[in-house]
Amino acid sequence: MGSLRQLCSRLAGLFRRRDLEAEMAEEMRQHLEHRTQEKIADGLSHDEARYAAQREFGGVAQMQEQCRDEHRFAWLEQFLQDCSYARRMYVRSPGFTGVILLSLALGIGANAAIFSLCDTVLWKMLPVAQPEQLVFLARYSTKEAPSWRKFCEISYPLLEALERRSPLLAGATTFKVGQMTVGTGGEAESVRSLAVAEDFYSILGVGTSAGRTIQPGDLRSGALAVLSHGYWQRQFAGRPVVGSSIILNGRPHTIIGVAARDFFGLNPGESFDVSVLLPEADLRLDLSPTDPKAGSLFLVVARLKPGVARSEAATALTSLLRQLHREENLSSLTPEAIAQQRIEVQAASGGLSTLRAKYSQPLLALMALVGLVLMITCANVANLLLARATARSREMAIRASLGAGRARLIRQLVTESLGLALVGGLLSILVAQWSIDVLVRLASSGDAPIGLHVTLDQRALLFTLVVSVGTGLLFGLAPALSGGGAGGTAIYGQTNRAASTLPWFSRCLVVGQMALSLVLLFAAGLFVRSLQNLTQLDSGIRRDNVLLVAVDPQRAGMSGPVVADFYQELLTRIATMPGVVAATFERNIPLGGASTRRPLAPAGYLPPGGEAAIATATEEVGPRYFETMGMRIVAGRDFGARDDRNGPKVVVINEAAARDFFPGQNPLGRRIGQSSNRAELEIVGIAQDARHDNLRAPAQPMAYLPALQDARIRDTNIVVRTAGDPLALAPQVRQVIRDTNSRVPIMGVTTLTETAARALVQERLTASLAGVFGGLAIVLAGVGLGGVLLFTVTRRTREIGLRMALGATRGSVVSMIMRESLHLVGIGLLVGVPCAIALGHGAEKLLFGLTPADPITLGLAVILLVSVALLAAFWPARRAAKVDPMVALRTE
Amino acid sequence: MSKIDLLQGTLDMLILRVLARGEMHGWGIVDRLGQLSKNSLKLGEGSVYPALYRMEAKGWIKAKWAPSDNNRNAKYYSLTKAGRKQLEAEQQGWDQLSTIITEIMQKA
């Protein structure tokens, strides 16, 4: 109890400082008074008594100082004192403080944001139970390395057999992503679906936000649906939905629950909306594991038992597969082919990510760039603190001579630097949060909202905070560490003379900043120009003013000839609409990301990989396709209305295919087909090469088939070339479709320019971010250079005054400063240009239409850098010119 | 006899001992110490105060302002319970130390 009271009284003492001071003074005064009286009583005069008493006492001020130090919370008091001093000092120089805070906030914030983005897209693990045990299984039948294919070549019966008979698997399941229509009729909306096997959710270990997920045994429970959290919030605003009904693909489903908040499926960056069961009919449970009629699943996910290595599982499953074939081989595979089959086991902890594949390179490139920005930031902070430190060397010397120990000085400087760094850190959190929002919006521009849920990564923030605090501490402490205490002179020289030129490493920092800025500017220039090249590229297809409307008559229950008639009638109606130049349809839109291949070839054609390697890209199109697309027919004709199911089967190939199949000959009239009938299709036209699927690669051989001749004609995209703005015509086109058949759902409306933009989203993201960072870098570097030059001018005021007094003109002073600036920039360029070229080589794969050392971009970057440097030197130069020689010579 | 310099740290113990007798103000303590040592201890008058403040911070003594002989308020120090314990401990330690040192000096 007593100690608590003591503690309280001591804390209270903090606030009663003035009273305590008065008490202490009074106490000692009384002591002296008493002694003085004694001595007077002994016979001395008043003054003599007083002096004697004081002599015997010792130095009053010193005693008081010592007493103060004994005070328990002396360190806290001193800390508050330092804080208050630091605050006053920073407020008095807002420019200096502002620049440091800005540098820290931007540098730390940008880094944290990019790191968080990378983490979510590239590295984060799936929000399921023990994701490190999850693997993807796929079957390969040749010795080639695993590559991305559309199906895993494992059927459901095979999956069951593997799961049942392998002791290394804790479970195996499957799923399929796709699209479904919610609601009915023309107002139907398209949503992303996740069709799963019964045991999908239980094997993965997914939580719920409401209700339950699909469980084993649900195949018997009728049509069920599970919503994703995001879809639940968007569509139903979080209202209770469990038990209510939702119409998917025309069938009512009962909503049994909502998935956990952070579960987005197995595809990071792309969340599903609704989840249903894979139809039992698709699973073909009646067939045996080796029967190829059972088809192939999209993807198989399995959970390994704890402690099982992936390679171990691969070997075991492969031998199990061969065992199954030995027991009952219903496939047409020969024993040699069976021996070459194997099961590949790939880590699934991060999920399957098309986003990852798309963005991993540019994101990593960006991380490198943003790391450079951080370095520039630290250099800036370091430089400014160093400049400040030299200005304060005198202050430190005075403090030391007044009795401050080294420890006390260091404590003061640490408090100041830490305070600044912490405020900068707080600001950087705001910057990081805002940047993430901007980045996600940039990445999802054009697409439907990506389910990208990027949270500010704590580790990133902590790391960058540590780096900046470290820099701040290191350079803030410089004056004290270099022997400012105990009478030593600071490394930055004494007060007047030696500190007029910058210490060598301060100049190094500025040069480094210049070099890094050049590299960033060059990178930004490269990416921006690549993007420009891509957007302006003539892909062979005229992209402007084309409306695309996706329809799927199959969802209305139509099939076969009915669909073909529907399309023909639709085209007739649309073609007569005012404002329409031409109309056709196409299954896979250009740059839409989807493509089909068929083993079409002429008889006798044998590519290097053998007959099995024949895989020609094909497109199913409607009449007047090439006219609508703006593609040239080099020889022969376009498709017309007579190319329907009653007419002879025809095909149009492009120039690349013509060169490939019939080098040096005229392909018109020749025939190509699949291996069953190589004379099936007659070539009636040669089309100009067009970059249909990929803007970056030159056109690949393509065969265009008239969709109306296909008995199994399926969904398609209506393509309408309009005279004016295509979207303006969209409502009328919708109306025409509804009038023709009101049950056919419209899956989406877009334009060709939009599709092209979406295809370039990766490049646009890279270019915009590189541009932002380049701009940031140059601003920071310019500010750094300006600050350092300003410091030089202030320190050299005397020298400048002297020069002017001796006859130098203002102009020569200004040019002196400018020359110093250019000198620094010049060295920066010498260092920076090779680094920039090296970066260009490193990023070669991301560029388009540019060499890695593109001279125009390099030249532009250099010019920009030099201009900024001159601009940065402007203010200090003006300061120098305004120096009044008389005033300057008189001041320190 | 020339004044002997005080060993560091023993000043605390001496002050505690003086205060064990009863409460006292700063210069009273100095007087008492002088008396007891017959003025052979070299003690700067003011140097008692840092020690007093230190011991007060440690909780061995407590202070209060009370009217003194000339009717003005003076700061009186007194021993706390913790101070008494500290005094005992230091006394023991000192006795042991002085015994050991004396022994060595005699035996060597």
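Here is the tour, with a word on conventions before the stops. This is a predicted model, in which local features need pLDDT of at least 70, side-chain atom pairs count only at pLDDT 80 or more, and totals for chains, interfaces and linings use all residues. Residues are numbered from 1 along each chain as its sequence is written, chains are lettered from A and ligands numbered from 1 in the order in which they are written, and side-chain values use heavy atoms, with hydrogens and water left out.

**Stop one: a strand**

Select residues 546-551 of chain A, which form strand 11 (strands are DSSP E runs of at least two residues, helices H or I runs of at least four, numbered from the N terminus). Six of the six residues are buried, so strand 11 is largely enclosed by the rest of the structure (buried means under 20% relative accessible area with a 1.4 Å probe, protein chains only). A:V546, A:L548 and A:A550 point one way, and A:L547, A:V549 and A:V551 the other.

Look for A:V549 opposite A:I718.

**Stop two: chain A meets chain B**

Show both chains. The contact (heavy atoms within 4.5 Å) takes 21 residues from chain A and 21 residues from chain B.

Next, pick B:K75 and A:E27, a salt bridge whose closest N and O atoms are 3.8 Å apart (the rule: a side-chain nitrogen of Lys or Arg within 4 Å of a carboxyl oxygen of Asp or Glu). Then color helix 2 of chain A, which gives 12 residues, the largest share of the side of chain A that touches chain B.

Key: Buried means under 20% relative accessible area, exposed over 50%, partly exposed in between (1.4 Å probe, protein chains only). Two strands pair if DSSP finds at least two bridges between them.
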